[in-house]
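Look at the sequence and the model before reading on. The notes after them go from the whole chain down to single residues.

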Amino acid sequence: MKVGDLVRIKTTREPHGDEGRTGVITRMFEKKCWRTHKLGARVNWDLIDPEPHAEVLVNENVVSLPASQLKII
């Protein structure tokens, strides 16, 4: 994945739902993401490594998502 790629959002937790929406990657970066459903509610940032994330322009909004939730079109 790289800046300028057209992507589709695979999953979401938004109540209104962005699943299936398309957008353009505007920035790639790495950050840590604590997943409570896998790791529990007690956060310990030392246990996880940064993972790829992307800022995606969807309609007129920029959203930050893990790259694992995006699919290149």
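What follows is a briefing on the sheet, the core and a few single residues.

This is a predicted model, in which local features need pLDDT of at least 70 and side-chain atom pairs count only at pLDDT 80 or more, while totals for chains, interfaces and linings use all residues. Residues are numbered from 1 along each chain as its sequence is written, and side-chain values use heavy atoms, with hydrogens and water left out. The protein chain has 1 helix and 5 strands. Here helices (H or I, at least four residues) and strands (E, at least two) are DSSP runs, numbered from the N terminus.

**The chain as a whole**

- Along the sequence, the elements of the protein chain come in the pattern β-β-α-β-β-β.
- The protein chain has 73 residues, and 27% of them count as buried. Buried means under 20% relative accessible area, exposed means over 50%, and partly exposed lies in between (1.4 Å probe, protein chains only).
- The accessible surface of the protein chain is about 5,300 Å², and carbon and sulfur atoms hold 49% of this surface. Such areas come from the Shrake-Rupley method with a 1.4 Å probe; for residues, only the protein chains shown count as cover.
- Among contacts in the protein chain with a separation of 6 or more, 47% are between residues 24 or more positions apart. A contact means heavy atoms within 4.5 Å.

**The sheet**

- The 5 strands form an open sheet in the order β4-β3-β2-β1-β5, with antiparallel pairing. The edges are held by β4 (61–66) and β5 (70–72); each has a single partner strand, so one side of each is left without a neighbour in the sheet. On average, neighbouring strands of this sheet are turned by 45 degrees against each other, direction ignored. For this angle, axes are lines fitted to C-alpha atoms (for helices over the stretch in contact), and angles run from 0 to 180 degrees between N-to-C directions.
- Two strands pair if DSSP finds at least two bridges between them.
- β1 and β5 run antiparallel and are joined by 3 bridges. I9 has L70 of β5 as its bridge partner.
- β1 is also joined to β2 (residues 22–31), again antiparallel, by 3 bridges. On this side L6 has V24 of β2 as its bridge partner.
- β2 and β3 (residues 51–58) run antiparallel, with 7 bridges between them. M28 is paired in this way with A54 of β3, and K31 with E51 of β3.
- β3 and β4 pair in the antiparallel sense over 6 bridges. V58 stands opposite N61 in β4.

**The hairpin turn**

- β3 and β4 form a hairpin with 2 residues between them.
- N59 lies in the loop between these two strands. Its phi is near 55 degrees, a positive value in a residue other than glycine.
- N59 is exposed, with a relative accessible area of 58%.

**The nonpolar core**

- The largest nonpolar core has 8 residues: V7, I9, I25, A54, V56, V58, L65 and L70. β1 and β3 each supply at least two residues of this core. The largest share, 3 residues, comes from β3.
- A nonpolar core is a set of buried Ala, Val, Leu, Ile, Met, Phe, Trp, Tyr and Cys residues joined through side-chain atoms within 4.5 Å.
- Not counting residues up to four places away in sequence, V56 touches V7, G23, V24, I25, T26, N61, V62, V63 and L70.

**Two buried residues**

- D5 lies in the segment before β1 (6–9). D5 is buried, with a relative accessible area of 12%.
- A polar atom of the side chain of D5 lies 3.0 Å from the backbone nitrogen of K2.
- Apart from its neighbours within four places in sequence, D5 is in contact with G23, V24, I25 and I72.
- P66 lies in strand β4 and is buried, with a relative accessible area of 9%.
- P66 touches R35, E51, P52 and H53, not counting residues up to four places away in sequence.
- P66 and E55 are 11 residues apart in sequence, and their C-alpha atoms are 8.9 Å apart in space.

Notes: A polar contact is a pair of N or O atoms within 3.5 Å; within protein, one must be able to donate a hydrogen and the other to accept it, and residues adjacent in sequence count only if both atoms are side-chain atoms.
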